[in-house]
Structure formats: structure tokens, C-alpha cells
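Biologist: Before we start, please show me the model. I would like every label checked against its rule.

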Amino acid sequence: MKPVIGITCRHFVGAGCDEYRLAARYIEAVEKAGGIPLVLPAVNNRALSPASICQGLLFSGGGDPEPGLYGEEEHPRLGSVDRDRDYWEIHLVRRAVRQKIAVFGICRGLQVINVALGGTLYQDLPAQAGIYGHSQDRPAEKVSHRVWLEEGTLLHKIMKRKRIWTNSLHHQAVKEVAPGLVVSARTADGVVEALELPGDSFFLSVQWHPERLAYPGARKLFTAFVKNAAGFVSC
Ligand code: MN
């Protein structure tokens, strides 16, 4: 049986436009890895959400989590915020931990996981930490920085490398790591690039965008995630 992988998406409201949106690459990556992709919009009735039939949850990229969620005022460099999505995803993260559902977080996904479990963020890395170089100008398919992996972590076991090249498309980053989470990768400047929750179920998040990278190694994360999701059944 292929596992159903729920993928969170953004709610885009613009001029004459009110839509749920998800980059097609997430769908393709889950499908290629052997999962059944299911797009999960933020819904009002959580009990009736399609998330309840998912064996794995993929927290996708997007805007910035609301800083009030980790006790901070808004910084002028804060990007776009979607509170409904924040609350919905935080609910899903906590439920996934309780029910041991496989979790994979990407970019904003890593950040929202950290916030959901009690961590904090830099609202803008250049302005608040004086760290540059994480918001690449080149296309997302190109790599732009190296990431050092911690030996013995789930990420290291999957990638089987001490260093990897990744893309980098974020202006926010983890400040304080949430209790229970383990940093499994950083860049040379100390920025957290991967977080995981040790335990029985697959729970990994990365700050880069593996779904945009074409080299074979980048797909290993999706394969490991979907394979592990197949071994667990949600309620
Ligand atoms: Mn980065």
C-alpha cells in the first residue's frame, strides 16, 4: 500500500484572487518517491480534515510564521503572514508528534515545526543576526551553500555524507531550538539547516528546498520519508 502524504499549502489572497496554492514540485517529489500526494488547505473543521487519513505530513514552504506565536513583536523586515495557516500547521505538528505520524518539513515547514514545539525564529537573518548569503539570487534549482551534517542523526543516516551542497531561499531562520528537537545540520555561519525529533517515527525538517534540486541525492529525503510513512498508520 502506498502511503497518503498530506502536503500543506498556502492561502493566497490577491487582487480578485482567493486561492489555495502549492508549487507542483512538492507533488512530483512525493509521487516519484512512491507516495500518494494530497493537498491540505487550512480548514475550519479540523475533525473533518483530510489530514486524518494521511500516513505522512509534509509541511511545505511559504510565508513567515506570526512572531506573536513565539512571544515577539513584528520586526519591520517580517514577510507575509497567514495566521490561519500558522494555527492549522501548529495543530498538525503537535498531533503528528502525539500520534507518531511521519513528518517532513521544508523551509517554512522547519520554522513552523520549531515554533509549534516551543522554539523561536530570527524574523530576518540579515537584520537581526547580521548573517547574509541565505537568500540566493540564482534559480532554486542551483545550489549556493554547503551544509555540515551531524553524525549519528537521521539526516546523516539518509544522506550518508558529512557535507552536502544545497540551495538556500530563506530570510528567516531558527533562533532558539525547541525542547526535544535536535539540530542535524548547520552552515559554516552557524545557521540551523535541519532539525529532527528523535523517536520511533520519522520526523525531519530541512531549511533548504530539496524538491527543487535535481541531483539524485536530493531525492533521498523524500524516499526515506515516504518509505517510513508507509510503515505507520494514522488514526
Ligand atoms: Mn540556508
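Modeller: Start with Arg-108, which has a relative accessible area of 2%.

Biologist: Why does Arg-108 count as buried?

Modeller: Buried means under 20% relative accessible area, exposed means over 50%, and partly exposed is in between, with a 1.4 Å probe and protein chains only. The value for Arg-108 is 2%, so Arg-108 is buried. Some ground rules: this is a predicted model, in which local features need pLDDT of at least 70 and side-chain atom pairs pLDDT 80 or more, while totals for chains, interfaces and linings use all residues. Residues are numbered from 1 along each chain as its sequence is written, and side-chain values use heavy atoms, leaving out hydrogens and water.

Biologist: What makes Arg-108 and Asp-86 a salt bridge?

Modeller: The rule asks for a side-chain nitrogen of Lys or Arg within 4 Å of a carboxyl oxygen of Asp or Glu. Between Arg-108 and Asp-86 the N to O distance is 2.8 Å, so the pair passes. Arg-108 lies in helix H3 and Asp-86 in helix H2, so the bridge ties together parts that are 22 residues apart in sequence. Asp-86, at 0% relative accessible area, is buried.

Biologist: Why is H3 described as largely enclosed?

Modeller: H3 covers residues 108-116, and nine of its nine residues are buried, so the rest of the structure largely encloses this helix. Among them are Arg-108, Leu-110, Val-112 and Ala-116. A helix here is a DSSP run of H or I with at least four residues, a strand is a run of E with at least two, and both are numbered from the N terminus. Just after H3, Gly-118 takes a positive phi of about 105°.

Biologist: How do you know that Arg-85 and Glu-89 are about one helical turn apart?

Modeller: Both are in helix H2 (residues 83-99), four residues apart, which gives a separation of about one helical turn. An α-helix has 3.6 residues a turn, so residues three or four places apart point the same way. The closest N and O atoms of Arg-85 and Glu-89 are 3.0 Å apart, and the pair forms a salt bridge. Arg-85 and Glu-89 are both buried.

Biologist: What makes a residue a donor of the manganese ion, and which residues are donors?

Modeller: A donor is an N, O or S atom within 2.8 Å of the metal (3.2 Å for Na, K and Ca); water is not among the atoms, so sites may look incomplete. The protein donors are His-134 (ND1), His-145 (NE2), Ser-168 (OG), His-170 (NE2) and Glu-193 (OE), at 2.2 to 2.3 Å from the manganese ion, so they meet the rule. Along the chain their spacing is H-x10-H-x22-S-x1-H-x22-E. Among them, His-145 in strand S8 (residues 145-149) and Ser-168 in the loop between S9 and strand S10 (173-174) link distant parts of the chain, 23 residues apart. His-145 and Ser-168 are both buried.

Biologist: Which other non-glycine residue has a positive phi of about 55°?

Modeller: Lys-100 has that angle. Lys-100 lies in the loop between H2 and strand S6 (102-106), and its relative accessible area of 38% makes it partly exposed.
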